[in-house]
Amino acid sequence: MNRSDLEVLEGLVQIPSVTGGVLVDIACGSGEMLRRAIARGYDRVIGTDASSTMLERAQQNLSAAGIDTKLESDASKVAIRKGVVLVKDDVLESKLPSEMADVVLFTFPDVGSEYAPQEGDNSLL
C-alpha cells in the first residue's frame with residue numbers, strides 16, 4: 001500500500017480514540033491500521049489475514065514500531081491479550097468469534113469481487 005492509498009484510507013476510516021478496547025482488523029495486510037489503532041488507544045488488537053506472508057510483514061512492521069505482537073495459528077482459540085495478536089484466518093470462512101470486538105475494520109476492497117456478477121451475467125436476476 002503506497003502513501004496516497006494510506007491517505008485515502010485514513011480519510012475513509014476514522015478509528016475512534018478510546019482508552020482500552022478491542023479492535024479487529026480483517027485482512028490486516030501490512031498491519032498499518034493495527035499500528036494506528038494502538039496509537040488511538042486500543043490496547044488489545046487482533047489482525048487477521050489469509051496470507052502468512054502478510055502476517056509476517058505485519059509482525060515485522062509492528063515490532064519495528066515497538067509494538068508487542070504475537071502470531072496465533074488458530075482463530076477459534078484466539079485469546080484477547082494486551083498488544084497485537086495476528087492470526088491466519090480466511091475472511092470468507094472466519095473462525096474468529098464476532099462478539100470479542102468493540103470495533104471491526106474491513107478495508108480490503110477486492111475480497112468478494114470474484115463473486116460479483118460480470119457484465120452480461122443474468123444468473124442472479
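Let me begin with a term: a patch is made of residues with over 30% relative accessible area and no salt bridge, where like charges are joined within 9 Å and nonpolar side chains (Val, Leu, Ile, Met, Phe, Trp, Tyr) within 5 Å. Accessible areas come from the Shrake-Rupley method with a 1.4 Å probe, and for residues only the protein chains shown count as cover. A salt bridge, in turn, is a side-chain nitrogen of Lys or Arg within 4 Å of a carboxyl oxygen of Asp or Glu.

Two remarks on the source are needed. This is a predicted model, in which local features need pLDDT of at least 70 and side-chain atom pairs count only at pLDDT 80 or more, while totals for chains, interfaces and linings use all residues. Residues are numbered from 1 along each chain as its sequence is written, and side-chain values use heavy atoms, with hydrogens and water left out.

Now the overall picture. The protein has three helices and five strands, these being DSSP runs numbered from the N terminus (helices: H or I, at least four residues; strands: E, at least two). Along the sequence, their order is α-β-α-β-α-β-β-β. Of the 125 residues, 34% are buried; buried means under 20% relative accessible area, exposed over 50%, and partly exposed in between (1.4 Å probe, protein chains only). The protein exposes about 7,600 Å², of which carbon and sulfur atoms supply 50%. Contact means heavy atoms within 4.5 Å. Among contacts with a separation of 6 or more, 50% are between residues 24 or more positions apart.

Which residues make the nonpolar patch of about 250 Å²? They are Val 91, Leu 92 and Phe 106. Leu 92 sits in the loop between β4 (83-88) and β5 (103-106), and it counts as partly exposed because its relative accessibility is 48%.

Next, the charged side chains. In general, side chains of opposite charge can pair when their charged atoms come close. How many salt bridges does a search of the whole structure find? The search finds five. Glu 32, Arg 35 and Arg 36 are linked in a network of such bridges. Within it, Glu 32 meets Arg 35 at 2.6 Å, N to O, and Glu 32 meets Arg 36 at 2.7 Å, N to O. Arg 35 and Glu 32 are separated by about one helical turn, because they are three residues apart in helix α2 (residues 32-39). Arg 36 lies four residues from Glu 32 in helix α2, again about one turn. Both Glu 32 and Arg 36 are buried, whereas Arg 35, at 32% relative accessibility, is partly exposed. Elsewhere, Asp 43 forms a salt bridge with Arg 44, with the closest N and O atoms 3.0 Å apart. Arg 44 is partly exposed, at 27%.

Asp 25, in strand β1 (residues 22-26), presents another case. Asp 25 is buried yet has no salt bridge. Leaving aside neighbours within four places in sequence, the contacts of Asp 25 include Met 33, Ile 46 and Leu 105.

Finally, consider Ala 27, in the loop between β1 and α2. Its phi is near 60°, a positive value in a residue other than glycine. Ala 27 is buried, because its relative accessible area is 18%.

Notes: Lys and Arg count as positive and Asp and Glu as negative; His and the chain ends are not counted.
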